Amino acid sequence: IITLILLPFLIILIVILFWSWTLRKKVAEKTAELQKELNERKKTEQQLLHEKSLLNSMINTIPDLIFFKNKEGIYIGCNEAFSKFNNMKPEDIIGRNDLSIFSGSKAKEYYETDSNIIKNNQLYRMESWEVNAHGERVLLDTLKVPYTDEDGKPLGIVGVCHDITNRYQTEIDLKKAKER
């Protein structure tokens, strides 16, 4: 009688132990797999941080004014030259739009230009006289280009402004010298 009672319990115990062992084995495999994935993710994050730092360093060493906006016209980044030109810190520019940074007419002009760039998904180039933080008039050659997602849909604008005041003055001096 004891054998008849203990035998099923023994079989159930063996089945439970085997099931427990297989579960532990599966959990250990899954844990190892997740740990490997986590390590790869950390490595990728470190690589992205390194690349972002390198990109920021490169952008900030360029003397041209560089800025990026999303398609709503909100600044999502700029280099130090752009922030110094506008006598602001980059943190004071990011998250704002042209209306909160520039005068009404300039802001409206920038907004309309940017809207057309995004609408038509085409680059735009212009030369314009601007006033820097020191009150000096500067001639800027500005190139605005839409940046897109994988499908080619515009996500925003990257702008690069190059100071061509010296070149302009040299051209005037050359014309005057040629006339003389």
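This is a predicted model: local features need pLDDT of at least 70, side-chain atom pairs count only at pLDDT 80 or more; totals for chains, interfaces and linings use all residues.

**Exercise 1.** Determine whether Phe18 and Trp21 are buried or exposed, and classify the geometry of their rings.

*Solution.* 
Step 1. Phe18 and Trp21 are both exposed.
Step 2. Locate the two residues: Phe18 and Trp21 lie 3 residues apart in helix H1 (residues 2-61), so about one helical turn separates them.
Step 3. Phe18 and Trp21 form an aromatic pair with a centre-to-centre distance of 5.9 Å and an angle of 35° between the planes.
Step 4. Planes under 30 degrees apart count as stacked and those over 60 as edge-to-face, with the rest tilted. The pair of Phe18 and Trp21 is therefore tilted, at 35°.

**Exercise 2.** Classify the ring pair of Tyr75 and Phe82, and state which aromatic cluster contains these residues.

*Solution.* 
Step 1. The ring centres of Tyr75 and Phe82 are 5.8 Å apart and the planes stand at 35°, so this pair is tilted.
Step 2. Tyr75 and Phe82 are both buried.
Step 3. Together with Phe67, Tyr75 and Phe82 form one aromatic cluster.

**Exercise 3.** Describe the surroundings of Thr142 and decide whether Thr142 is buried or exposed.

*Solution.* 
Step 1. Thr142 belongs to strand S4 (residues 137-148).
Step 2. The relative accessibility of Thr142 is 5%. Buried means under 20%, and Thr142 therefore counts as buried.
Step 3. Leaving aside residues up to four places away in sequence, Thr142 touches Tyr124, Arg125, Met126, Val160 and Cys161.

Key:
Residues are numbered from 1 along each chain as its sequence is written. Side-chain values use heavy atoms; hydrogens and water are left out. Rings of Phe, Tyr and Trp (its six-membered ring) pair if their centres lie within 6.5 Å; planes under 30 degrees apart count as stacked, over 60 as edge-to-face and the rest as tilted. Helices (H or I, at least four residues) and strands (E, at least two) are DSSP runs, numbered from the N terminus. Buried means under 20% relative accessible area, exposed over 50%, partly exposed in between (1.4 Å probe, protein chains only). Contact means heavy atoms within 4.5 Å.
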